[in-house]
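Thanks for asking me to look this one over. My notes follow as numbered points, with the model itself shown just below.

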Amino acid sequence: MSSSIEIKNNLKTGWESPSNIALVKYWGKHGRQLPNNASISFTLSQAATRTFVSLEKKTNPEEAIEVVFSFDGKPNNSFAAKIVKFLTSIADEYFPYLKDYKLNIESSNSFPHSSGIASSASSMSALACCLCDLENQIIGKTNDDKTFFKKASIISRLGSGSAARSVFAQAAVWGKHTDLSESSDEYAIGVDTSLHPVFKTMQNDILIISADEKSVSSTAGHALMEGNPYAPVRYEQANHSLSKLLIALKEGDLETFGKITEDEALTLHALMMCSDPSYILMEEGSLAVIKKIKKFREKYNIPVYFTLDAGPNIHVLYPEKYDKEVSQFIIAELKPYCHQGRIIRDKVGNGPSKIS
Ligand code: DP6
């Protein structure tokens, strides 16, 4: 037995955890998954991963970590190998119990697999919540919220940086920032209490412009920031944007929110275009949609804004009270640019939940 705790049997848990959309982007990292600037995101509600983990006592606990993994009910060995690698990297430091059991992991996404939506934030945070919950079951502790989600955020981060932010309701900041004394590079903190009500119910429709796999992964994109001549200025700009955005989010200042959010999205893609080698992840449809959103906003004076992740898809952000007008606009003018007309209607959500 690798830990001094009694080995229990029939341990299992299930968690559903959402994706998130960054407003100030994390782009560039160092060390062991540490960000080069602080970032902030809205936690989503519809785009989520459900993960169930059950533990089976091992006959030979000294052996390597053992995982059986299935996605959407189908065994997936290449994912299983990635999870084994990840768990091996964190077991000694964070979860010694992982060596005592064989893990059976079943996962599925609420959004279509080929929708082009990044699922690392929801999948890593769902797995992290399961691992923390099982640890508590083993050592006989309850899931005391603050410590539970702090550890879940650390583990999520080690799996995928942006996942650190998914374990908190409504909005979260990851990365040390002078305006937030509790902030840290190692885990995110929830900032929902500093949100004006208009942002607590913000709508986020995801327009699937392309469902193709990205030509350059986020991990490769982060690495390219190392040689990017604009990187130092970018990190300063991001921290400055976050300061301004925190005030706008508190005051309900939609105009400043929209300006910073859109500038951040375009800066992210500009950084890709001036990396060496340069690359472009936007598609023609992304640009067309961006222009249409700007025109619609100016014409009708409705606060609707866009952002993008490291891909071609567009997130359309607007207050709940404009749902009718914006939905009509999206259906009439933006849907034709979507792959198979695909749109995921999402909104700010309440973070992970245990599946009973
Ligand atoms: C553009 O978190 O996917 O979505 O840490 O290598 O897993 P890894 O990268 P990842 O990067 C996401 C970058 C982003 C911006 C953001 O979410 O802040």
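1. Ser183 sits in the loop between β8 and β9 (188-190). With a relative accessible area of 4%, Ser183 is buried (buried means under 20% relative accessible area, exposed over 50%, partly exposed in between, with a 1.4 Å probe and protein chains only).

2. A word on the ground rules. This is a predicted model, in which local features need pLDDT of at least 70 and side-chain atom pairs count only at pLDDT 80 or more, while totals for chains, interfaces and linings use all residues. Residues are numbered from 1 along each chain as its sequence is written, and side-chain values use heavy atoms, with hydrogens and water left out.

3. Now the overall build. The protein chain has 9 helices and 14 strands, taken as DSSP runs numbered from the N terminus (helices are H or I with at least four residues, strands E with at least two). The radius of gyration of the protein chain is 20 Å, close to the 21 Å from the globule rule for 356 residues, so the chain is as compact as a globular protein of that length. That radius is taken over C-alpha atoms, and the rule is 2.2 Å times the number of residues to the power 0.38. Along the principal axes, the C-alpha atoms fill a box of roughly 70 × 45 × 45 Å. Of the 356 residues, 54% count as buried.

4. Next, the ligand. The shell around the ligand holds 17 residues, and the closest are Tyr26, Ser160, Gly161, Ser162 and Arg165 (a residue is near a molecule if one of its heavy atoms lies within 4 Å of it). At least three shell residues come from each of domain 1 (11-193) and domain 2 (196-347), with bounds from an automatic or database domain assignment. Helix α5 (residues 218-224) gives the most to the shell, with 3 residues. By class, the shell has 5 nonpolar, 8 polar and 4 charged residues; here Ala, Val, Leu, Ile, Met, Phe, Trp, Tyr, Cys and Pro count as nonpolar, Asp, Glu, Lys and Arg as charged, and the others, Gly among them, as polar.

5. Which distances separate polar side-chain atoms of Tyr26, His222 and Gln33 from an oxygen atom of the ligand? For Tyr26 the value is 2.6 Å, for His222 it is 3.0 Å, and for Gln33 it is 3.4 Å. Taken alone the ligand exposes 460 Å², of which the protein buries 92%; these areas come from the Shrake-Rupley method with a 1.4 Å probe, and for residues only the protein chains shown count as cover.

6. Arg165, one of the residues closest to the ligand, also has a side-chain partner worth a look. A polar contact of 2.8 Å joins the side chains of Arg165 and Ser41. Ser41 belongs to strand β4 (residues 39-57) and is buried, at 0% relative accessible area.

7. Some backbone geometry deserves a check. Most residues other than glycine have a negative phi, and most peptide bonds are trans. Gln170 has a positive phi of about 65°; this residue lies in the loop between α3 (145-159) and β8 (171-174) and counts as buried at 12% relative accessibility. Gln340 also has a positive phi, near 50°, but is exposed at 62%, in the loop between α9 (323-334) and β13 (343-347). A cis peptide bond, with omega about 5°, joins Asp276 and Pro277.

8. Finally, the loop between α7 and α8, where Pro277 is placed. Ile280 is in the loop between α7 (254-273) and α8 (284-300). Is Ile280 buried or exposed? At 57% relative accessibility, Ile280 counts as exposed. The C-alpha atoms of Ile280 and Gly311 are separated by 8.8 Å, and these residues are 31 apart along the chain.

Key:
A polar contact is a pair of N or O atoms within 3.5 Å; within protein, one must be able to donate a hydrogen and the other to accept it, and residues adjacent in sequence count only if both atoms are side-chain atoms.
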